Amino acid sequence: MITLHINGLPVSVEQGTTLLEAAQFMGFPIPTLCHKEGLSPYGACRLCLVEIGEGPRARLVSSCTYPAEEGLQVRTASSRVIQARRIILELLLASCPQSKTIQDLASAHGIQQQRFKQEYENCILCGLCVRMCEEQMMAKAIGFRSRGEKRSIGTPFDIQSEDCRRCGACLYICPACELRCTYTEPERAICGGCANLRPPCLEKEGFEDMMCYMDPCVACEIKKD
Amino acid sequence: MEKVKSLDEFLSLHDRLVVGKDPDIPTLIIPAGTCGQASGANDLIRITKKELLNKKLTEKIRLRITGCHGFCEMEPSVLIEPWGVYYPKVDSKKMVDIVDSVAKGEVLKDLLFIDPITGNPIEKQSDISFFKKQVRTLLSRNEKVDPIRIYHYIENNGYVAMAKMLSSGHPSQVIEEIKASGLRGRGGAGFPTGLKWERLANQTNGNGKFIVCNADEGDPGAYMDRSLLEGNPHSIIEGMIIGAYGTGATKGIIYVRNEYPLAIKHLLIALRQANQLGLLGENILGTGFSLDIKMVRGAGAFVCGEETALIKSIEGRMGEPRQRPPFPVEKGINGQPTLINNVETWANIPIIMGLGAQEFAKVGTEQSTGTKIFSLVGRIKNTGLVEVPMGISIEEIVNKIGGGPIHQTRIKAVQTGGPSGGCIPAEMFHLPVDYESLTRAGSIMGSGGMIVMDEHTCMVDLAKYFTRFLKEESCGKCFICRKGTQRMYEILDDISAGRGTLEHLGLLQELGPVVKDASLCGLGQTSPNPVLSTLRYFREEYLEHIEKKRCPAGVCKGLITYLINENCTGCGLCLKSCSAGAIRGEKKERHVIDPKECIKCGVCQSVCKFNAVETR
């Protein structure tokens, strides 16, 4: 067992536990986007940042990937953490304004405006779909391509993958486009994002017969019109 | 090449080689690194060879083809041993004369280096101000060694330290020595090398440990690792053998970027020769110690210089960093303990072993020992690779070694540490160059790029250039680094185009520290440095762009207009070269630029011989 301090409270966890799990065990809320139980931790969205260490050596790390260490001092909501989280959410909002998940998170953190040039991207490259496809569906049909601003998710050379079984798990898990299929609960769809968000993969030919966990699918209906 | 099977055999080979060389025979040394070859060193070599054969001088004069000596600006150059005579920028037509003069024992006065300050010719390389102030522990070895001949390296005491260490039978002594030397990682972060090695040595050796040489040098304008790999590959191999012996590693990997074809060629030759001679591979020198070194070529991503991304790249996966811990020393390539050091760090190891730790630690400061190679480039008289003791002031590097500004301008800042480094203004040039002082000033040591800037460099444009590089080279895994660099670039672009507002500055200052704090790896954590350091020291330049819509350096295209002043003689050169047809005027009369048609390409300014085109 490892004993560490989260927000001043001692907590004992097993070897290999991440800071996120330890904090959640204690009931401290930490927002996440790219983390899902059952998928390997990735540390891409940086929302789950916590501050560790003391004095000048204090630094921010993503709690979903950082293993618990003996005697570690963790602060889940220091001003440094909150400031970083707010800027990240502002950036997310600037790139991907129509995701309900992101809107909710931004609202919970009191963000009322974003000061960057507005973009309308569909994907925040959190990699949940890639890990879902590889780790849970055992397909490895999609992956990351290129780097930096050109980074995207898709199949190699945009050719339809033979490994893809069109299970739709990638759509199901996507935090940016999950809202597309909430039509049975219209009260949840407050932003109208459902009409706008198309998963990028649906634009490619050969995916028309994609299975959807909601049937019939709103996005597909809209697309036909 | 016959295998050397024991220490005695090796030492007798070494003695034979040392006795066999006659130091009095004049030797023509032609540096033919990438810089030399690009400026025509191959022609000089061809002519010299032909000349020596035709005139039957092969017994009287020797020829040695080496890697770069550092003064890249003066290539192709010729150095003559043992006199130390140095001819810069040699015209291939003059090469015959040089060979003749060496045969006669004369010096060609009119081909010598001219001191840019006094205007006097200087005969010896060691008297040139560029070389005089340097402490060339590593780079001077480039002159002595032909990189594709292992015997040359052994002749100059190469592999001797390694052989003695291996036969001593005390691996722990290696680590003690490195710790005592105070050597710190030359890749930029400055982690004590001895401590890192000790941590690897303490790991249990299950399926073998790895040592890696990180030669993925990607900073724009920095090339010290390349010149070491090209000029003296055996020193890196020797360093790695010593390191492997000290830490118990059995597998070595040299990760070189594929953009360095000559370095790769020389390394492969060196590895083959060392293997053939029995200095590498199974049972080295009969001591029972084995090390296998392989080379891996990187596909050219800046981020692969980061150690966790480098490991992924070696494993054949996408070069993306991951969270540390676990550190590579615990879990690296294929889950095995892995030690990663920079090229320059490895090249320092044989020197420490040869000199002894105490002697090595005498150079430099208490916290940062030894020498460091910088690639000194930008708007100064002498550019090239300079090797200086740690703790030397920036002033001395820029003004003494670099020779001060070109033309009659004022140097305003120096940018250290490559794209993730920061700018240090001229007022702070008294700062000593070591890891701590540079970090305190908002910059980093980095791998050793040093770009000098004068009044014709716009700091906003500079920050924009580096941020653009970083936004393209960010791996894109973590959101804050990918979007943060993109957004910073966007704002800088607005400012340089005259669309900037004061809110933009506030936003930059808010965004920068968060990108620094929240990013996963070193690339993201240092990526706001160019922006934040220029904002810190050159805020008034930003304000000038925003409030007065003016670029004081005359660089930002959106804020300047080109004008032709009274110096114009009406030669018509600019008129002919203007692709937009924006220049009008009669012959021998002052020309005019039509600002409506001008596309601000700057060609007129570069072709004008009378300094008549100015920007405002």
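This is a predicted model: local features need pLDDT of at least 70, side-chain atom pairs count only at pLDDT 80 or more; totals for chains, interfaces and linings use all residues.
**Stop 1: chain B as a whole**

Chain B holds 26 helices and 19 strands. Along its principal axes, the C-alpha trace spans about 80 × 65 × 40 Å. A compact globule of 616 residues would have a radius of gyration near 25 Å, and the 26 Å of chain B agrees with that. Of the 616 residues in chain B, 52% are buried. Now consider the contacts in chain B between residues with a separation of 6 or more: 71% of them come from residues 24 or more positions apart.

**Stop 2: a sheet in chain B**

Select residues 371-378, 384-389, 411-416, 423-425 and 449-454 of chain B; the strands at these positions are E11, E12, E13, E14 and E15. In which order do the five strands lie in the sheet? The order is E12-E11-E15-E13-E14, in an open sheet with mixed pairing. At the edges stand E12(B) and E14(B), each with a single partner strand, so one side of each has no neighbour in the sheet. From one strand to the next, the twist averages 30°.

**Stop 3: strand E11 of chain B**

Keep the sheet on screen and colour E11(B), residues 371-378. Is this strand buried or exposed? All 8 of its 8 residues are buried, so E11(B) is largely enclosed by the rest of the structure.

- With E12(B), the pairing is antiparallel, over 6 bridges. Ile373(B) has Glu387(B) as its bridge partner there.
- With E15(B), the strands run parallel and are joined by 4 bridges. Here Ser375(B) has Gly449(B) as its bridge partner.

Then move along the sheet to E13(B), residues 411-416, which runs antiparallel to E15(B) and is joined to it by 5 bridges. To find this pairing, select Ala413(B), which stands opposite Met453(B) in E15(B).

**Stop 4: where the chains touch**

Show both chains in separate colours. How many residues of chain B are in contact with chain A? There are 27, and they touch 27 residues of chain A. Select helices H19 (459-473), H20 (479-496) and H21 (502-518) of chain B, each of which supplies at least two residues of the side that touches chain A. H20(B) gives the most, with 8 residues. Coloured by class, this side of chain B has 12 nonpolar, 5 polar and 10 charged residues.

**Stop 5: the two domains of chain A**

Chain A is divided into domain 1, residues 1-121, and domain 2, residues 128-224. Between them, 13 residues of domain 1 are in contact with 13 residues of domain 2. The domain 1 side of this contact has 5 nonpolar, 6 polar and 2 charged residues.

**Stop 6: a sheet in chain A**

Which strands form the open sheet in chain A? There are 5, in the order E2-E1-E5-E3-E4, and the pairing is mixed. E2 (9-13) and E4 (59-62) of chain A are at the edges with a single partner strand each, so one side of each is left without a neighbour in the sheet. Neighbouring strands are turned by 40° against each other on average, direction ignored.

Select E3(A), residues 49-52, which pairs with E4(A) in the antiparallel sense over 4 bridges. Glu51(A) has Leu60(A) in E4(A) as its bridge partner.

**Stop 7: helix H4 of chain A**

Last, select helix H4 of chain A, residues 128-136. Its buried residues are Leu128(A), Cys129(A), Val130(A), Arg131(A), Met132(A) and Cys133(A). The elements that cover them include E6 (143-145), E7 (152-154) and H5 (169-173) of chain A. Just after H4(A), stop at Met138(A), which takes a positive phi of about 55°.

Conventions:
Residues are numbered from 1 along each chain as its sequence is written. Chains are lettered from A and ligands numbered from 1 in the order in which they are written. A residue is buried if 20 or more other C-beta atoms lie within 10 Å of its own, exposed if 12 or fewer, and partly exposed in between; C-beta atoms are placed from the backbone. Two strands pair if DSSP finds at least two bridges between them. Domain bounds come from an automatic or database domain assignment. Two residues are in contact if their C-beta atoms, placed from the backbone, lie within 7 Å. Ala, Val, Leu, Ile, Met, Phe, Trp, Tyr, Cys and Pro count as nonpolar, Asp, Glu, Lys and Arg as charged, and the others, Gly among them, as polar. Axes are lines fitted to C-alpha atoms, for helices over the stretch in contact, and angles run from 0 to 180 degrees between N-to-C directions. The radius of gyration is taken over C-alpha atoms; the globule rule is 2.2 Å times the number of residues to the power 0.38.
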